[in-house]
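Subject: Structure handover

Hello,

I am passing on the structure below, with notes on what was found in it. Please read the notes with the structure open.

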Amino acid sequence: MESRYTPGEIEQKWQQVWAEQRLDQASDDASKPKFYALSMFPYPSGNLHMGHVRNYTITDVVARVRRMQGYRVLHPMGWDAFGLPAENAAIDRGIHPAQWTYQNIDQMRVQLQELGLSYDWEREVATCAPDYYRWTQWIFIQMLQMGLAYQKEAAVNWDPIDQTVLANEQVDSEGRSWRSGARVEKKLLRQWFLKITDYAEELLQDLDKLPGWPERVRTMQANWIGKSTGARVGFTTEGGDELPVFTTRPDTLWGATFMVLSPEHPLVETLTAPDRVATVEDYRKEAAAKSEIDRTAEDREKTGVWMGSYAVNPVNGAKIPIWIADYVLMGYGTGAIMAVPAHDQRDFEFARKFGLPVRVVVQPEGQSIDGDTLTEAWPGDGVMVNSGPLDGMPAGKGEGQSVAAAIAWLEANGKGNGEANYRLRDWLISRQRYWGVPIPVVHCPSCGIVPVPDDQLPVTLPEDVEFSGRGASPLAQLDHWVNVPCPSCGEPAKRETDTMDTFIDSSWYFLRYSDAKNAEEAFNADKVNGWMPVDQYVGGIEHAILHLLYSRFLTKVLRDRGLLNFDEPFQRLLTQGMVQNLTYKNPKTGKYVPSDQVADPANPVDPTTSDALEVFYEKMSKSKYNGVDPKAVLAKYGADTARMFILFKAPPEKDLEWDDADVEGQYRFLNRVWRLVTEFASREGADINAALPKSLTKDEKTLRRAIHAAIKDITEDIDGDYQFNTAVSELMKLNNALGDAPCKDSPVYAEGVRALVLLLAPFAPHLADELWHQMGHADSVHLAPWPSVDPAALVADEITLVIQVMGKTRGTLEVPADSDQAALEKLARESDIAQKYIDGKEIKKVIVVPGKLVNFVVAG
């Protein structure tokens with residue numbers, strides 16, 4: 001009786017076997033080449049979604065293939081476990097963040113194991129575990145000692161009703177608190193920063209060391225770093241205060257007619273005239289309530305107020321008014337700009353609104369423009385005018401043009417100097433929250449900031465905490481935790497009550513995996529240098545900037561501290577596409593409708609309003625009611641089918657559109673593989689390792705060519721750009737070739753069955769191991785070597801020659817592969833196919849395409 005394919009039983013069986021055999025444990029044996037395969041670790045929300053399944057399946061296939069190819073593979077998993085959702089759960093449900101988090105971790109670990117992912121679970125890390133964040137704190141102290149960690153005042157979101165700091169995610173689109181509904185204010189607090197700007201140039205230049213990253217991601221990082229070159233110019237106030245400005249166009253200094261400061265600029269209070277104080281303060285409060293995006297939007301109307309004071313333009317001594325405006329940000333440049341309205345559209349709009357002068361200093365070639373009659377700024381190049389020593393010079397940044405000349409003039413006259421500036425700002429890491437890594441410093445009235453000694457790490461989170469979402473940070477409310485003796489002098493002191501941004505936890509976790517159980521150091525240098533950099537990193541495009549940039553930064557810092565010897569953490573990066581599903585939306589109400597409420601998918605209408613619904617594919621999301629629960633797919637089809645569909649449906653970097661019919665199609669394919677292999681394995685006398693005969697029949701040669709073509713193509717698909725979709729197609733073709741082969745008793749057929757199971761192993765690991773076992777093997781298929789191509793098998797003895805008459809195909813003919821042009825013409829001419837159409841006719845011309853076709857042109 002034919003056995004049935006029962007994925008539920010098979011998958012559970014092999015997952016248990018693999019765990020017992022510790023099959024996926026990474027080896028530190030340096031005699032083998034290493035391969036480090038890593039997926040971005042998840043936040044433990046409690047449930048996997050299809051995006052997770054796709055990410056982890058992609059990486060798992062790579063890891064499994066590399067093991068079979070003879071590499072020692074590190075393929076770990078862990079949990080990015082600190083963060084706001086756990087604290088919200090504590091507030092809403094009265095459950096401690098640690099309990100909520102660890103429950104979710106346990107739940108998700110089981111879900112990952114059910115997918116058959118080949119993780120080395122002995123290296124599992126959770127960033128909320130004290131044995132992990134001890135070393136996060138230690139790394140912070142290294143940065144403090146290197147002068148890379150410092151405190152300064154910075155704005156936070158402040159809820160005036162609950163008297164608490166809010167994360168950006170807790171402020172709605174109208175600028176109100178998610179809990180109290182109060183209008184959120186900006187408040188200055190003393191906070192911790194890391195000097196990522198010290199590494200801006202290296203972070204930018206080293207993007208050239210990452211050819212294995214998508215060009216799109218490298219461009220996003222370069223834009224985020226945002227290098228611009230220009231000059232720092234020494235403006236002064238009437239009172240003699242220095243007011244430096246950074247500009248990328250110092251050649252237009254002679255056209256500056258006013259100056260604008262950021263509302264947060266430290267000189268605002270000093271420079272505000274007494275009769276302008278109330279107006280300026282009101283404006284600063286308004287600006288503080290706006291987001292940076294709102295403040296810098298190009299299409300919004302410009303606002304600002306005059307401060308009642310003046311600056312002196314260093315190039316011509318002109319007295320120009322000082323304004324404050326919210327479109328100038330304190331974090332970029334110096335927080336002050338010189339405004340050249342004739343040649344900058346934003347400054348032009350501001351000048352026209354407030355009646356400020358517009359002075360032209362660049363005339364377009366062959367034109368004459370006047371500041372009084374301009375309707376928009378002229379930002380282009382031309383000829384310098386009204387610019388003293390630059391008059392008549394071509395305007396621009398090229399060699400011999402005005403920008404270089406202006407910088408040379410400023411430097412020669414002591415008015416400024418050339419400088420590079422970066423959009424990148426120092427990394428604000430303070431969070432006024434509980435569920436994060438405590439910043440390991442003590443504030444002493446006598447000693448100042450004192451790092452907690454190494455032997456007192458970790459500074460652990462106290463458990464006797466109340467979560468109300470109101471008032472100061474929960475840590476700041478615990479006197480017994482806050483008040484401690486100074487580690488340096490022993491006098492009464494206070495702990496830092498801020499915790500760290502969770503991006504710090506994820507900026508070094510890939511290093512910890514190399515030595516995850518080390519209780520004496522963050523990682524052993526030999527081990528981290530032996531495994532790093534990560535050979536293949538896989539994750540979503542949403543992490544293209546911050547996570548990857550911070551990880552690169554921390555790697556360089558630890559290198560400079562002498563803790564590791566490489567420059568970049570991730571050799572190759574794959575940003576997988578989103579998983580999308582059919583989505584129904586009412587265009588009138590803007591509301592999404594669950595698919596199970598759509599009675600007629602061919603004519604979808606809203607069940608409540610009867611409005612016609614829009615139908616489109618969109619990223620799976622709870623709020624859009626278009627998600628597919630991985631648990632349901634696994635229960636019905638098994639993990640191997642889910643993996644095969646995910647890999648087959650689209651190339652990994654493209655978005656994937658969910659289709660139940662295609663899932664069913666992959667399930668049917670695996671059933672066909674099951675039947676083919678079990679039928680062979682149950683055959684009496686079947687020998688999977690039978691030696692090939694010295695000479696092969698035509699059918700055997702054809703089948704062997706199909707087998708080795710599959711090995712070649714699938715290997716290239718995996719070793720190249722990870723075209724798993726075409727690799728799965730090749731598996732299907734090989735299965736069809738075996739099913740259609742007339743030589744099923746041949747050792748070549750046995751070779752093909754063996755190759756099919758080996759090639760299938762990374763994609764459908766449970767099914768492959770079960771079939772491998774049924775074929776008589778004692779060890780796991782995943783310990784077997786990856787099949788190699790026999791080039792001789794790919795050489796065809798015969799080719800199929802197309803015969804055409806007057807350009808129309810009339811048939812095909814099998815001919816010797818080594819036939820020359822004359823032989824091909826002779827064989828074609830003498831064939832029954834050609835004779836039927838050319839017999840008795842005058843042949844005017846014969847076109848021979850070697851290896852492909854012969855075309856006879858006959859007289860009409």
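A cavity here is a set of grid points where a 1.4 Å probe fits but cannot get out. By this rule the predicted model holds three cavities of 30 Å³ or more.

Cavities

The largest cavity has a volume of about 180 Å³. Its lining is made up of 22 residues, and Ile91, Thr164, Arg433, Gly469 and Arg470 are the ones nearest the centre. Helix α3 (84-93) and strand β6 (164-166) are the elements that give two or more residues to this lining, and β6 gives the most, with three residues. By class, the lining of the largest cavity has seven nonpolar, nine polar and six charged residues.

The second largest cavity has a volume of about 70 Å³. Around it stand Asn47, Leu48, Gln111, Glu114, Leu115, Asp629, Pro630, Lys631 and Leu634. Two or more of these residues come from each of α4 (97-114) and α18 (630-637), with α18 giving the largest share, three residues. Four of the lining residues are nonpolar, two polar and three charged.

Second largest pocket

The second largest pocket has a volume of about 380 Å³. It is lined by 18 residues, and Pro214, Leu574, Thr575, Gln576 and Glu653 lie nearest its centre. Strand β25 (residues 573-576) contributes four residues, the most of any element. The lining divides into six nonpolar, six polar and six charged residues.

Salt bridges

There are 44 salt bridges in the structure. One of them joins Arg67 to Asp24, with the closest N and O atoms 4.0 Å apart. Arg67 lies in helix α2 (residues 50-68) and Asp24 in the loop between α1 (7-21) and β1 (34-39), so the pair ties together parts that are 43 residues apart in sequence. Arg67 is buried, because its relative accessible area of 18% is under the 20% limit. Asp24 is buried as well, at 11%.

Two other salt bridges lie within single helices. In helix α21 (residues 698-719), Glu716 and Lys712 are four residues apart, about one turn of the helix, and their side chains meet at 3.2 Å, N to O. Both count as partly exposed, Glu716 at 46% relative accessibility and Lys712 at 32%.

In helix α22 (residues 724-740), Glu730 and Lys733 are three residues apart and so are separated by about one helical turn. The N to O distance in their salt bridge is 3.5 Å. Here Glu730 is buried, with a relative accessibility of 14%, whereas Lys733 is exposed, at 51%.

Salt bridges also link a group of residues into a network: Glu202, Asp206, Lys209, Arg552, Lys556, Arg559, Asp560, Asp567 and Glu568.

Strands around β19

Strand β19 (residues 441-444) runs antiparallel to strand β20 (residues 448-451), and four bridges join the two. They form a hairpin with three residues between them, and Val441 stands opposite Pro451 of β20. Strand β19 also pairs with strand β22 (residues 492-495), again in the antiparallel sense, over two bridges. In that pairing Val442 stands opposite Arg495.

Regards

Terms used:
Residues are numbered from 1 along each chain as its sequence is written. This is a predicted model: local features need pLDDT of at least 70, side-chain atom pairs count only at pLDDT 80 or more; totals for chains, interfaces and linings use all residues. Side-chain values use heavy atoms; hydrogens and water are left out. Two strands pair if DSSP finds at least two bridges between them. On a 1 Å grid over the protein atoms alone, a cavity is a set of points where a 1.4 Å probe fits but cannot get out, and a pocket is an open set with protein on both sides within 12 Å along at least five of seven lines; lining residues have an atom within 4 Å of a point. Grid points are joined across faces, edges and corners, and a volume is the space filled by probe spheres set on the points. Ala, Val, Leu, Ile, Met, Phe, Trp, Tyr, Cys and Pro count as nonpolar, Asp, Glu, Lys and Arg as charged, and the others, Gly among them, as polar. Buried means under 20% relative accessible area, exposed over 50%, partly exposed in between (1.4 Å probe, protein chains only).
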